[in-house]
Amino acid sequence: MRKHSLLYAGLGLVILVWVLNFIALTFYFYWTVGWYDYLMHFLGGLSIGVLAIWALKIENRSLKAFLVAFVSVMVVGVGWEIFEYLNGLTFSTESYKLDIAHDLIMDALGATTAYYGATSRSQ
């Protein structure tokens, strides 16, 4: 994928996440639609992954390139979970650990999708 296309795709995904977050907060989707948070974490991982791949100029597939992109997304994902905890945005204390696990799994799936999509061999 061309570098400018990757940047535009990443920025488009960030705007999509922003719009979907605005809609979710307006209509209480995070509290009423069980899967919406998973979607947002997947799209967040995807957008951060695409932007990390663009910023780090990753072009070819390798284990090292995958790990760099993956770890970049997971650092942001763990940082987000810490932010949620410190700001009291954790509403379900009885299943909080399970929620964190689901969120980080979706971040990881987004990162993996970004890596394989952005480094496709059909460039």
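Entry 1. I sorted the lining of the largest pocket by class and found 17 nonpolar, 12 polar and five charged residues. My classes: Ala, Val, Leu, Ile, Met, Phe, Trp, Tyr, Cys and Pro are nonpolar, Asp, Glu, Lys and Arg are charged, and the others, Gly among them, are polar.

**Entry 2. Ground rules.** I am working on a predicted model, where local features need pLDDT of at least 70, side-chain atom pairs count only at pLDDT 80 or more, and totals for chains, interfaces and linings use all residues. Residues are numbered from 1 along each chain as its sequence is written, and side-chain values use heavy atoms, with hydrogens and water left out.

**Entry 3. The pocket itself.** I looked up the volume of the largest pocket: about 1000 Å³. Of its 34 lining residues, Tyr30, Asp37, His41, Trp80 and Glu84 are the closest to the centre. A pocket here is an open set of points on a 1 Å grid over the protein atoms alone, where a 1.4 Å probe fits, with protein on both sides within 12 Å along at least five of seven lines; lining residues have an atom within 4 Å of a point. The volume is the space filled by probe spheres set on the points, which are joined across faces, edges and corners.

Then I asked which elements give two or more residues to the lining. They are α1 (3–27), α2 (29–32), α3 (36–55), α4 (63–86) and α5 (96–118). Helix α3 gives the largest share, eight residues. Helices are DSSP runs (H or I, at least four residues), numbered from the N terminus.

**Entry 4. Helix packing.** Axes are lines fitted to C-alpha atoms over the stretch in contact, and angles run from 0 to 180 degrees between N-to-C directions.

- The axes of α3 and α4 come within 9 Å and cross at roughly 135 degrees. The two helices are therefore oblique to each other. Their crossing is right-handed.
- α4 and α5 pack with axes 9 Å apart, at about 150 degrees. I therefore note α4 and α5 as roughly antiparallel. α4 passes α5 in a right-handed crossing.
- α3 and α5 have axes 7 Å apart and an angle of about 40 degrees. That makes α3 oblique to α5. The crossing of α3 past α5 is right-handed.

My cut-offs: under 35 degrees is roughly parallel, over 145 roughly antiparallel, 65 to 115 roughly perpendicular, and the rest oblique. Right-handed means that the near helix is turned clockwise from the far one by less than a right angle.

**Entry 5. Two loop residues.** Which phi does tyrosine 28 have? Its phi is positive, about 60 degrees, although tyrosine 28 is not a glycine. I found tyrosine 28 in the loop between α1 and α2. Tyrosine 28 is exposed, at 52% relative accessible area.

Lysine 57 also went into my notes, with a positive phi of about 55 degrees although it is not a glycine. Lysine 57 sits in the loop between α3 and α4. Its relative accessible area is 63%, so I list lysine 57 as exposed. Exposed means over 50%, buried under 20%, partly exposed in between (1.4 Å probe, protein chains only).

Entry 6. Phenylalanine 70 is in helix α4. At 24% relative accessible area, phenylalanine 70 is partly exposed. I checked phenylalanine 70 against isoleucine 53, 17 residues apart along the chain: their C-alpha atoms are separated by 9.6 Å.

Valine 14 is in helix α1. Valine 14 is partly exposed too, at 36% relative accessibility. Between valine 14 and leucine 51, 37 residues apart in sequence, I noted 9.4 Å from C-alpha to C-alpha.
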